Amino acid sequence: LSHRWGTGEPSLRNIQGQNVYTLNHGEGLAKLQNFCILTLQHDYIWAWSDTCCIDKDSSSEFHEAVGSMFSWYRRSALTIVHLSDVPDAMPFSNSVWFRRGWTLQELLASPSILFYSQDWSLYMNCTSPNHKTDSAILAELQEVTGIGELHLKYFSPGMDDARSRLQWASTRSTTRSEDSAYSLFGIFQVHLPVFYGETVENALGRLLMEIV
């Protein structure tokens, strides 16, 4: 699942050992339940959502997850993108999903993506098995992200054309300032320690030193 965090997002502690379909409804739980149902409809038996599949009480696990997120999305069979602020039949160009830091690497890393609108219907009723290869949606993605077709379809992490990669991220923001740098580690294929509490200047400085 690729999504924007909202209110009442379930944590690992909330769902561990529980049947998610019997838990009380809330915005976050309803999203998780819809995601799991959709996963089954696509004939998958395992689903992964960052809010409840990472033990955030374990600093070592959380820090490992930050560094591994790109590769996890890279190896996904399917990434389902839920655009909670896009009503049915409306263009997704104004969605906040395109203005967040972590979703950039989720877009680039995932080999196969399906976009779903607010009510969990396929974006523009597009039945293509991969929206990144649908010509109409691909054109929209290029327009809203400024990323070329080849990168959207066949992105390869690394240092090539570093200026463009930094430019893609320049209009995006993160809740924790250091994540502006950490969310780019996978895109540049660098392995650096995570120090929440350092300034964003220090975090970006370490990243830029690796690039240089």
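Guide: By relative accessible area (1.4 Å probe, protein chains only), buried means under 20%, exposed over 50%, and partly exposed in between. The model is predicted, so local features need pLDDT of at least 70 and side-chain atom pairs pLDDT 80 or more, while totals for chains, interfaces and linings use all residues. Residues are numbered from 1 along each chain as its sequence is written, and side-chain values use heavy atoms, with hydrogens and water left out.

Visitor: Is Ala89 buried or exposed?
Guide: Ala89 is found in the loop between S2 and H5; helices (H or I, at least four residues) and strands (E, at least two) are DSSP runs numbered from the N terminus. Phi of Ala89 is near 70 degrees, a positive value in a residue other than glycine. Because its relative accessibility is 57%, Ala89 counts as exposed.

Visitor: What is phi of Gln189 near?
Guide: Gln189 sits in the loop between helix H10 (185–188) and helix H11 (200–211). Its phi is positive, in a residue other than glycine, and lies near 55 degrees.

Visitor: How many salt bridges are there?
Guide: Side chains of opposite charge can pair when their charged atoms come close. The rule asks for a side-chain nitrogen of Lys or Arg within 4 Å of a carboxyl oxygen of Asp or Glu. By this rule the salt bridges number 4.

Visitor: Which helix holds both Glu149 and Lys153?
Guide: Glu149 makes a salt bridge with Lys153, in which the closest N and O atoms are 3.3 Å apart. Glu149 counts as partly exposed because its relative accessibility is 35%, and Lys153 counts as partly exposed because its value is 25%. The two are 4 residues apart, about one turn of the helix, and both lie in helix H7 (residues 149–154).

Visitor: Is Glu198 buried or exposed?
Guide: Glu198 meets the side chain of Arg206 in a salt bridge (2.6 Å, N to O). Because its relative accessibility is 14%, Glu198 counts as buried.

Visitor: What is the volume of the largest pocket?
Guide: On a 1 Å grid over the protein atoms alone, a pocket is an open set of points with protein on both sides within 12 Å along at least five of seven lines. A volume is the space filled by probe spheres set on the points, which are joined across faces, edges and corners. For the largest pocket this gives about 530 Å³.

Visitor: Which element gives the most to the lining of the largest pocket?
Guide: Lining residues have an atom within 4 Å of a point. With 4 residues, the element that gives the most is H5.

Visitor: Which residues lie nearest the centre of the second largest pocket?
Guide: The second largest pocket has a volume of about 400 Å³. At least two residues of its lining come from each of H2, H4 and strand S2 (79–82). Of its 16 lining residues, those nearest the centre are Trp46, Ala47, Trp48, Ser76 and Leu78.

Visitor: How much space lies in the largest cavity?
Guide: A cavity is a set of grid points where a 1.4 Å probe fits but cannot get out. The structure holds 1 cavity of 30 Å³ or more. The space in the largest cavity is about 40 Å³.

Visitor: Which element supplies the largest share of the lining of the largest cavity?
Guide: The lining is made by Leu1, His3, Glu9, Pro10, Gly28, Lys31, Leu32, Ser49, Thr51 and Cys52. The elements giving two or more of these residues are H2 and helix H3 (50–53). The largest share, 3 residues, comes from H2.
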